[in-house]
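Reader: Could you go through this model with me, a piece at a time?

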Amino acid sequence: MFIHHRAICIWSAVLATTHAASQVTIDWVNVGNAGNVADQATGFGAVEYAFRIGATEVTNEQYAAFLNAVASSDPNGLYNTNMGSNPRGGISRSGTNGTFVYAVKPNMGNKPVNYVSWYDAARMCNWLTYGQGAAVTDSGVYTFDGVSSVVAITRNLADPTQAFLPTEDEWYKAAYHQPADLGRDADDYWLYATENNSTPAVAIAASNGDVANPGVGVVNYASSANWNGVSGNVTSVRSAGAASFYGAFDMNGNVSEWNETLVDLSRGFRGGGVNSSASGLESLARRDFPPTEERLSLGFRLASPVCLADVNADGLADPADFNAWVLAFNSNAPACDQNGDSLCNPSDFNALILNFNAGC
């Protein structure tokens, strides 16, 4: 009880220092089980540290907010006109160079953004890393020295304000990994990102682009989602119902997703998209494109260092995490350890306050 009452007093003071919500909020899920071994079948998936990954692909609503913040003129080509002209794209543009304004098309806000290059995705990561308050896109995690030239990638796994593209191993683990002692078979990896080795069922779309036949094994692929007058359209994120073991949705289907890993002079992508076959969804399917490539079935999701203050793993450091920490303290759960000493004791509450002030 001492911890609980003391915590309430300190927490009330801390709340006075909180900041307003960001314009774009990413729903993160934590990918734990640090130090896991790679998939024996492919050699991918080993990650020595815990990290966060977006629960969904970056949506048109999120990307449009980015464009409106940084692309009133668009010298870096962050907008592809197919986003507006193709029914599978989700963002329109009006105005002239210097006064461009971007708007989400009807029923497309919660669909994954597409027609984005690897460089577009990297620049959005930089903008998010700088807190969205400034139109900074050429420095941050990714240092550019031209429209299509990245000269350095600087990650800091101790800084949860950073946003970056997942490496191939990070992406692979978040999609296919599940430890054998937590319900997986002996090799720790699924063939599909639906916690399953069985071929997923194809998604059927409702008139608003939601998946009409949701289920744990349903994926938007094989050009099966027909709506808005076209076949093989993107569908609302999460609506298929299929998630990985770590809680990331649509890691198979909807759009294939860029990752950070360099493959010769190209960048990797995985997961399969609206027009992929079942084999394109598999953990065995490794793909790459030149980083300038922009396609209707190509998008991205974000990754970030773990935010220790986000005790309940909802992507925010907020008062709900205080209650989650108290529960973790009372049950001696791992989330109680806020100072990294592998113990659960009152000193972790002081560390929680520091972690909370650092933010997510």
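**Loops, burial and overall build**

Reader: Where is the place of A222?

Author: A222 sits in the loop between β8 (218-219) and β9 (256-263). Helices (H or I, at least four residues) and strands (E, at least two) are DSSP runs, numbered from the N terminus.

Reader: And what kind of model is this?

Author: It is a predicted model, in which local features need pLDDT of at least 70 and side-chain atom pairs count only at pLDDT 80 or more, while totals for chains, interfaces and linings use all residues. Residues are numbered from 1 along each chain as its sequence is written, and side-chain values use heavy atoms, with hydrogens and water left out.

Reader: Ok, back to A222: what is its phi?

Author: A222 is not a glycine, yet its phi is positive, at about 60°. Most residues other than glycine have a negative phi. A222 is also partly exposed, with a relative accessible area of 41%; buried means under 20% relative accessible area, exposed over 50%, and partly exposed in between (1.4 Å probe, protein chains only).

Reader: Which value does phi take in D264, and is D264 buried or exposed?

Author: D264, in the loop between β9 and β10, is a residue other than glycine with a positive phi near 55°. D264 counts as exposed, at 70% relative accessibility.

Reader: What about T235, is that one buried or exposed?

Author: T235 counts as buried, at 0% relative accessibility, although its place is in the loop between β8 and β9.

Reader: Which residues does T235 touch, then?

Author: If residues up to four places away in sequence are not counted, T235 touches N110, K111, P112, A205, G209, V211, N220, A225 and N254, where contact means heavy atoms within 4.5 Å. With N220 there is a polar contact of 3.1 Å between the side chains. A polar contact is a pair of N or O atoms within 3.5 Å; within protein, one must be able to donate a hydrogen and the other to accept it, and residues adjacent in sequence count only if both atoms are side-chain atoms.

Reader: New topic: where does R270 lie?

Author: R270 lies in strand β10 (residues 266-270) and is buried, with a relative accessible area of 1%. Its side chain is joined to that of E168 by a polar contact of 2.9 Å. Leaving aside neighbours within four places in sequence, R270 is in contact with several residues, among them F44, W171, Y172 and E282.

Reader: Now the helices, why is α2 largely enclosed?

Author: Helix α2 (residues 60-70) is largely enclosed by the rest of the structure because eight of its eleven residues are buried. Those buried residues, which include Y63, F66 and L67, pack against α3 (82-85), β3 (91-94), β4 (101-104) and α4 (118-129).

Reader: How many helices and strands are in the chain?

Author: The chain has seven helices and 13 strands. Its radius of gyration is 21 Å, close to the 21 Å that the globule rule gives for 360 residues, so the chain is as compact as a globular protein of that length. The radius is taken over C-alpha atoms, and the globule rule is 2.2 Å times the number of residues to the power 0.38.

Reader: What share of the chain do buried residues make up?

Author: Buried residues make up 51% of the 360 residues. Along its principal axes, the C-alpha trace spans about 60 × 50 × 40 Å.
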